[in-house]
Amino acid sequence: MSPAPTEKPLLATVLGKVQDRPPMWIMRQAGRYLPEYREVRAKVGDFLDLCYSPRLATEVTLQPLRRFDLDAAILFSDILVVPDALGQKVRFETGEGPVLEPLQPDGLGALQPEKALERLAPVLETVTRVKSALAPEKTLIGFCGSPWTVATYMIGGRGSPDQAAARLFALREPEAFAALVDVLVDTSIAYLAAQFRAGADVVQLFESWALNLDDIAFVERVIEPNRRIVEGLRRLLPDAPVIGFPRGAAGMIGKYAEMTGVNAVGLDYAVPLQFAAGTLPPTLGLQGNLDPLRLVAGGPQMEDRARAIVSAFRGRPHIFNLGHGIVPETPIAHVERLVEVVKGG
Ligand code: CP3
């Protein structure tokens with residue numbers, strides 16, 4: 001008899017297994033709060049050079065797992081490598097975030113979907129390298145940005161508090177917007193399938209700007225493109241495990257989970273625990289949802305809330321995580337303590 005394959009607790013939870021203690025990872029776990037990340041980062045010029053260097057990206061992917069007892073590595077890359085690979089150049093300005101030349105309705109023809117996967121080859125090589133370096137019980141998470149979230153950067157040219165440029169574009173130029181979403185859906189399906197083939201165990205769809213949308217726009221711009229990606233991916237790879245993270249979905253989160261077919265949903269920190277535990281289907285995996293600023297502040301407020309989250313989701317598939325990305329000011333000692341609290345009590 002061949003030995004049982006080593007179980008990956010985090011992957012098993014995505015697939016519906018209930019554990020005594022939730023497996024955990026930390027959103028944006030490789031990043032500026034780690035001195036060893038800042039050291040690597042200082043050696044490269046542009047942030048995207050780091051994303052496109054398989055050797056360095058593998059190193060920073062593994063850094064958080066060397067320090068903390070986490071159950072997953074997440075590929076080090078960015079959601080904006082996709083517009084970059086489509087030919088809309090992305091720059092990261094220090095202190096300002098990403099900057100793109102805003103996409104115009106007549107500019108879609110300049111995008112080069114046929115070149116995208118080739119340009120993303122270094123990222124796929126990182127996946128392969130990480131996979132071979134990772135202990136068998138660790139889950140490797142791949143990802144991409146969801147079409148609406150990526151489109152908000154492509155259209156607005158940068159992050160904005162209300163995504164007004166993209167919201168107006170979608171309303172005034174519905175055909176151009178639909179064509180853009182088609183490109184992003186198709187590219188994301190091919191890109192995620194390639195990540196699975198390179199060694200990813202599960203993928204997360206980052207819909208970080210599922211905010212500021214009325215219910216019609218939410219269905220059209222968030223649910224429908226995410227559903228198409230899950231469906232397209234499973235046509236290529238049946239049963240591909242997917243986590244959706246529709247940040248800000250609020251009362252639409254149940255509908256998002258039901259209609260997209262994701263295995264698990266990431267909860268942002270504003271989702272009330274009793275609402276999530278009481279209204280979402282008991283077999284749906286839940287991931288989250290500590291406020292990252294509780295982790296910055298630390299102490300009893302953090303520990304009590306972390307325990308409350310674990311206890312609210314006990315008896316159902318739950319992956320402990322933050323409700324959004326870890327911030328650079330986070331003290332490492334607080335992360336160590338959080339892992340102890342979640343894993344040990
Ligand atoms: O461990 C990991 O999760 C690292 C991989 C990762 C990064 N970005 C690295 C990164 C992942 C999964 C992302 C996702 C991402 N990127 C999202 C979705 C998640 C979220 O936070 O909502 C979004 C919206 C982006 C776009 C983006 N990238 C912005 C707005 C910025 C600037 C602001 C910021 O958060 O720093 C980035 C830059 C970025 N991406 C950094 C890192 C480590 C910092 C840049 C640097 O080190 O110079």
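A pocket is an open set of points on a 1 Å grid over the protein atoms alone, with protein on both sides within 12 Å along at least five of seven lines; lining residues have an atom within 4 Å of a point. Grid points are joined across faces, edges and corners, and a volume is the space filled by probe spheres set on the points. Select Ala170, Phe177, Ala217, Glu220 and Arg221, which lie nearest the centre among the 18 lining residues. Then colour helix 9 (164-172), helix 10 (174-198) and helix 11 (215-236), each of which supplies at least two lining residues. Helix 11 gives the most, with 7 residues. By class, this lining has 10 nonpolar, 1 polar and 7 charged residues. Here Ala, Val, Leu, Ile, Met, Phe, Trp, Tyr, Cys and Pro count as nonpolar, Asp, Glu, Lys and Arg as charged, and the others, Gly among them, as polar. Helices (H or I, at least four residues) and strands (E, at least two) are DSSP runs, numbered from the N terminus.

The model is predicted: local features need pLDDT of at least 70 and side-chain atom pairs count only at pLDDT 80 or more, whereas totals for chains, interfaces and linings use all residues. Residues are numbered from 1 along each chain as its sequence is written, and side-chain values use heavy atoms, with hydrogens and water left out.

Of its 43 lining residues, Arg28, Arg32, Phe47, Asp78 and Phe92 are the closest to the centre. Helix 2, strand 2 (90-93), strand 3 (97-100) and helix 14 (292-297) are the elements that give two or more residues to this lining. The lining divides into 22 nonpolar, 11 polar and 10 charged residues.

Keep arginine 28 selected and inspect its backbone. Its phi is near 65°, a positive value in a residue other than glycine. Arginine 28 lies in the loop between helix 1 (9-14) and helix 2.

Now display arginine 67 and glutamate 36, which form a salt bridge with the closest N and O atoms 2.7 Å apart. Arginine 67 belongs to helix 4 (residues 54-67) and glutamate 36 to helix 2 (residues 35-43), so the pair ties together parts 31 residues apart in sequence. The count of salt bridges comes to 18, each being a side-chain nitrogen of Lys or Arg within 4 Å of a carboxyl oxygen of Asp or Glu.

Select glycine 288 and asparagine 289, which are joined by a cis peptide bond with omega about -10°. Asparagine 289 is placed in strand 8 (residues 285-290).

Continue to helix 15 (residues 300-312) and helix 16 (residues 332-344), whose axes come within 10 Å and cross at roughly 35°. Axes are lines fitted to C-alpha atoms, for helices over the stretch in contact, and angles run from 0 to 180 degrees between N-to-C directions. The contact (heavy atoms within 4.5 Å) is made by Met302, Glu303, Ala306 and Arg307 of helix 15 and by His334, Arg337, Leu338 and Val341 of helix 16. These residues divide into 4 nonpolar, 1 polar and 3 charged.

Finish at the largest cavity, whose volume is about 70 Å³. A cavity is a set of grid points where a 1.4 Å probe fits but cannot get out. Its lining includes Gln19, Asp20, Val310 and Phe313.
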